[in-house]
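Let's take a walk through a protein model together. Have a look at the sequence and the 3D view first, then read on.

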Amino acid sequence: MEQHAVEQHGKARPAVPTPEPAVLDVVVTTMSSDSHTWNLVFLQLLLEELGHRVTNLGACVPDELLVAECRRIEPDLIVLSSVNGHGFHDGLRLIGALRACPELAGTATVIGGKLGISGPGDPARQRELLAAGFDGVFEEGGSVVDFRSFLAALPASPRSLPTGSGALR
Ligand code: B12
């Protein structure tokens, strides 16, 4: 069969393959006090649309179950969502329990939603959550855009993130 050599014309460069974004195993969950579910459905769909694998633990997850499931799954990322106004206090309690497990001490962990009852974007609340060990805090008002940037910046093996870095937010 006759072969045709491909000649390059003009200045266009051959396409350079770009690295595939990391596919993450993500646990999405809310906390024991919170019975809202559409926030979790939204986050699951968002993450899956971006190509990640999601385990959604659902609403009103007791602390012990949440920690046990994260130890079993060993996800790359844990996403805590709360909208009932108790998220700040629930989050502080939970991040302590997660960071106390050697397997989860370095796992990227973020929290978001409506975390208090005083409206979004309380900087003191965000600082306290970051200092307690969260890697990102995403309250309402552009939170999803910021969360997508956070995801894009996660390395292939985000388990190596330093605990409580907070630097990504
Ligand atoms: C539906 C609803 C309920 C339903 C929930 C049913 C269900 N299966 O989910 C029922 C009736 C059970 C309910 C109960 C209560 N609710 Co309610 N509920 C709502 C309501 C009307 C809509 C929530 C919803 O589904 N939104 C759709 C989803 C997709 O949006 P979302 O939850 O806001 O999540 C978005 C963002 O927050 C963000 N987000 C959320 N989490 C995360 C995490 C990350 C990492 C990121 C990046 C982003 C992110 O992304 C989502 C998309 O933008 C809201 C009011 C409102 N308009 O928001 C009140 C609301 C959340 N409820 C409220 C309250 C107070 C309660 C109750 C305490 C009422 C009571 N006295 O009993 C209880 C709490 C029960 C409990 N144990 O948690 C308050 C919370 C107040 C606050 N945080 O300041 C709200 C805001 C109403 C209000 N304005 O007062 N509720």
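Two strands count as paired if DSSP finds at least two bridges between them. Strands themselves are DSSP runs of E with at least two residues, while helices are runs of H or I with at least four residues, and both are numbered from the N terminus. With that in hand, S3 and strand S4 (residues 108–113) run parallel and are joined by six bridges.

A word on what you're looking at: this is a predicted model, where local features need pLDDT of at least 70, side-chain atom pairs count only at pLDDT 80 or more, and totals for chains, interfaces and linings use all residues. Residues are numbered from 1 along each chain as its sequence is written.

**The sheet**

Strands of a sheet pair through backbone hydrogen bonds, either parallel or antiparallel. Here you'll find an open sheet of five strands with parallel pairing, in the order S2-S1-S3-S4-S5. S2 and S5 are the edge strands, each pairing on one side only. On average, neighbouring strands in this sheet are turned by 20° against each other, direction ignored; the angles run from 0 to 180 degrees between N-to-C directions, and the axes are lines fitted to C-alpha atoms, for helices over the stretch in contact.

| Residue | Stands opposite |
|---|---|
| Val-26 | Leu-77 in S3 |
| Val-28 | Val-79 in S3 |
| Ile-78 | Thr-109 in S4 |

How many residues of strand S3 (residues 77–82) are buried? Six of its six are. Buried means that 20 or more other C-beta atoms lie within 10 Å of a residue's own; exposed means 12 or fewer, partly exposed is in between, and C-beta atoms are placed from the backbone. Both faces of S3 are covered, with Leu-77, Val-79 and Ser-81 on one side and Ile-78, Leu-80 and Ser-82 on the other.

**The core**

In soluble globular proteins, nonpolar side chains tend to be buried together. A nonpolar core is a set of buried Ala, Val, Leu, Ile, Met, Phe, Trp, Tyr and Cys residues joined through C-beta atoms within 7 Å. The largest one here has 28 residues, and Val-28, Ile-78, Val-79, Ile-111 and Phe-134 have the most contacts inside it. Among the elements that each supply at least two residues of this core are S1, S3, S4 and helix H4 (123–132).

**The helices**

The axes of H2 and H3 come within 10 Å and cross at roughly 40°. That makes the two helices oblique, because angles under 35 degrees count as roughly parallel, over 145 as roughly antiparallel, 65 to 115 as roughly perpendicular and the rest as oblique.

Most residues other than glycine have a negative phi. Cys-60, though not a glycine, has a positive phi of about 50°. Cys-60 is found in the loop between strand S2 (53–56) and H2, and is partly exposed, with 14 other C-beta atoms within 10 Å. Glu-74 isn't a glycine either, yet its phi is positive too, near 45°. Where is Glu-74 found? Glu-74 is in the loop between H2 and S3, and with 12 other C-beta atoms within 10 Å, Glu-74 is exposed.
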